Amino acid sequence: MSVVIIDGPTITEFVNNSGEFSKFVDEHFNKLDTNGDGVLSRDELQKRFGKFSSREYELQSQEEIKNLYDALFEKFDANENGTIDRDEFRTLMKEIMVAKARGIGNSPVSIILQDDSLLMRAIEYKEIVGDDKNQTTDE
């Protein structure tokens, strides 16, 4: 875990780069899809998703977590087959990240993140893009 400074525009920029965002979301999807069948079941998500989320997830009761997954499946299982496929998962992650960006807003905030979280990836992406922009303007 790391303490980092992040703001909404950093998250939004990461999400809007569909190639980079999809790459990282696909990595998470593959970690969650423990049986390798190309879809995520409720069981796979409940057992694994907390390992990739924030500290607050660990503080929730089992009932709160169950309600969260019920809501996620109701909204994002578009074909209502009881699983979430890769495209549905991308849509889910994008909506979550955009909501986090709106919630954080334009002012930088200090937050504790797991090193492999999507928010941490947004920060890493910003550092890479920032370095590329600095190199471009220095030349």
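This is a predicted model: local features need pLDDT of at least 70, side-chain atom pairs count only at pLDDT 80 or more; totals for chains, interfaces and linings use all residues.
Residues are numbered from 1 along each chain as its sequence is written, and side-chain values use heavy atoms, with hydrogens and water left out.

Let me start with the overall layout. The chain holds seven helices and four strands, where helices (H or I, at least four residues) and strands (E, at least two) are DSSP runs numbered from the N terminus. Read from the N terminus on, the order of the elements is β-α-α-β-α-α-α-β-α-β-α. Of the 139 residues, 37% count as buried; here buried means under 20% relative accessible area, exposed means over 50%, and partly exposed lies in between, with a 1.4 Å probe and protein chains only. As for contacts, meaning heavy atoms within 4.5 Å, residues 24 or more positions apart account for 69% of those in the chain with a separation of 6 or more.

The UniProt record, an unreviewed entry, carries the annotation "domain: EF-hand" for residues 20-55 and 64-99; its positions are given in the numbering used here, feature names are shortened, and annotations may be inferred rather than shown by experiment. In the model, the span 64-99 is 75% helix and 6% strand, and its end C-alpha atoms lie 19 Å apart.

Now to the helices. Helix α2, residues 18-32, has 15 residues and reaches 20 Å from its first C-alpha to its last, close to the 21 Å expected at 1.5 Å a residue, where the expected span is 1.5 Å times one less than the number of residues. Its buried residues include F21, F24 and F29, and also D26.

Which residues does V15 touch, once those up to four places away in sequence are set aside? V15, in helix α1 (residues 8-16), touches F21, K94, M97 and V98 on that count. V15 and M97 are 82 residues apart in sequence, yet their C-alpha atoms are 7.3 Å apart in space. V15 counts as buried because its relative accessibility is 4%.

Let me turn to the salt bridges, each defined as a side-chain nitrogen of Lys or Arg within 4 Å of a carboxyl oxygen of Asp or Glu. A search of the whole structure finds eight of them. One of these joins the side chains of R42 and D70, at 2.6 Å from N to O. That pair links distant parts of the chain, with R42 in helix α3 (residues 42-48) and D70 in helix α5 (residues 62-76), 28 residues apart. Both partners are partly exposed, R42 at 34% relative accessibility and D70 at 27%.

E95 forms a salt bridge with K75, the closest N and O atoms being 3.0 Å apart. This pair, too, links distant parts of the chain, since E95 lies in helix α6 (residues 86-104) and K75 in helix α5, 20 residues apart. E95 is partly exposed, with a relative accessible area of 36%, whereas K75 counts as exposed at 52%.

An α-helix has 3.6 residues a turn, so residues three or four places apart point the same way. R121 is buried, with a relative accessible area of 15%, while E124 is partly exposed at 33%. There is also a network of salt bridges that links D26, R86, D87 and R90, and D26 is among the buried residues of α2.

Two local points remain. E80, in the loop between α5 and β3 (84-85), has a positive phi of about 50° although it is not a glycine. E80 counts as exposed because its relative accessibility is 72%.

Finally, the surface. The chain exposes about 8,200 Å², of which carbon and sulfur atoms supply 49%, with areas from the Shrake-Rupley method and a 1.4 Å probe; for residues, only the protein chains shown count as cover. A nonpolar patch of about 320 Å² is made by M1, V3 and I112. Patches are made of residues with over 30% relative accessible area and no salt bridge, with like charges joined within 9 Å and nonpolar side chains (Val, Leu, Ile, Met, Phe, Trp, Tyr) within 5 Å. V3 is in strand β1, residues 2-6, and counts as exposed at 59% relative accessibility.
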